[in-house]
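Thanks for coming, everyone. Please look at the screen, and I will walk you through one protein.

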Amino acid sequence: MPGGRLTQQERQQIALGLADSLPYAEIARRLERPTSTITREVMRNGGPTAYRADLAHRATERRAHRRRTASPQGPESVPQPHGRDAEAVAEYEETFTTVLMASGLTKMAARVLTCLFTTDAGSLTASELARRLQVSPASISKAIAFLEGQSLVRRERDERRRDRYVVDDELFYQATIASARANDQLVATARQGVAVLGPHTPAAARLENIARFLDFISESITRAAEQAREVLHTKPGTTSNDTARPGPDHG
């Protein structure tokens, strides 16, 4: 039934749809399921190119078994604030982690970032992260080092002089700008090749086109990030109608 767990037959239909290059929305329509259900199912089980119905079904059964046999001290037993459904939160965190992994993060880095994003305070210590995720402090340290290098988290000291790892309103902006600027070295190197290979050769033309493309993309991303920056500071309870769409300042 729509809303219940996917059956093995439905997973086979998903695999067939992926083999036919159908979009998630179309597969969902045929199964009378939400598109988000199909997206989550595929992304947590290898992605569109590696999804296999039998493996996905067995993995789901293993996850269900782990939830049933989880210790009372497991992360899902932690009381949730604001009347949240603990199982729904755990399911969402798994989905968010899977999407972050698809964007290129390692599993542990994705789990740490998800944990920080879904914490109301937006900050946790290494020991709090290790306890919530039930992993070793060394695993947390390695993931944090990577995330700091990508400008996705920042470190600060609390009143007890403990390191806290923070995601705040500015980090997504800073990470976006850093990503745009990461192209600069490639642009410079491509243009160096134009001189080496000769400006009127096909290879040089290819490199120049790559440089121009990346230059344009970098400038566009930076400009859009500056214009949309205020969106990251929208307060809880503010609706989209309460906040003007960001745009260029006309003075």
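First, a term: contact means heavy atoms within 4.5 Å. With that in hand, take the contacts in the protein with a separation of 6 or more: residues 24 or more positions apart account for 50% of them.

Now, where this comes from. This is a predicted model, where local features need pLDDT of at least 70, side-chain atom pairs count only at pLDDT 80 or more, and totals for chains, interfaces and linings use all residues. Residues are numbered from 1 along each chain as its sequence is written, and side-chain values use heavy atoms, with hydrogens and water left out.

Next, the layout. The protein has 11 helices and 3 strands. Helices (H or I, at least four residues) and strands (E, at least two) are DSSP runs, numbered from the N terminus. Read from the N terminus, the order is α-α-α-α-α-α-β-α-α-β-β-α-α-α.

Accessible areas come from the Shrake-Rupley method with a 1.4 Å probe, and for residues only the protein chains shown count as cover. The accessible surface of the protein is about 16100 Å². Carbon and sulfur atoms hold 54% of that. What share of the 251 residues is buried? Buried means under 20% relative accessible area, exposed over 50%, and partly exposed in between (1.4 Å probe, protein chains only). The share is 32%.

Let's look at helix H3, residues 35-43. Its buried residues are Thr 37, Ile 38, Glu 41 and Val 42. Seen down the axis of H3, these buried residues fall within an arc of 120°, so they line one face of the helix. The arc is that of the directions from the helix axis to the C-beta atoms.

Arg 44 sits in the loop between H3 and helix H4 (53-69). Is Arg 44 buried or exposed? Arg 44 counts as buried, because its relative accessibility is 16%.

What does Arg 44 pair with in a salt bridge? A salt bridge is a side-chain nitrogen of Lys or Arg within 4 Å of a carboxyl oxygen of Asp or Glu. One partner is Glu 91, at 3.3 Å, N to O. This pair links distant parts of the chain: Arg 44 is in the loop between H3 and H4, Glu 91 is in helix H5 (residues 86-102), and they are 47 residues apart. Glu 91 counts as partly exposed, because its relative accessibility is 23%. Another partner is Glu 94, with the closest N and O atoms 3.3 Å apart. Glu 94 is in helix H5 too, 50 residues from Arg 44. Arg 40, Arg 44, Glu 91 and Glu 94 are linked in a network of salt bridges. By this rule, the count comes to 15 salt bridges.

Last stop: Thr 125. Thr 125 lies in strand S1 (residues 123-125). Thr 125 counts as buried, because its relative accessibility is 3%. Neighbours within four places in sequence aside, Thr 125 is in contact with Asp 158, Arg 162, Asp 163, Arg 164 and Tyr 165. The C-alpha atoms of Thr 125 and Arg 155 are separated by 9.4 Å, though the two are 30 residues apart along the chain.

That's my tour. Over to you for questions.
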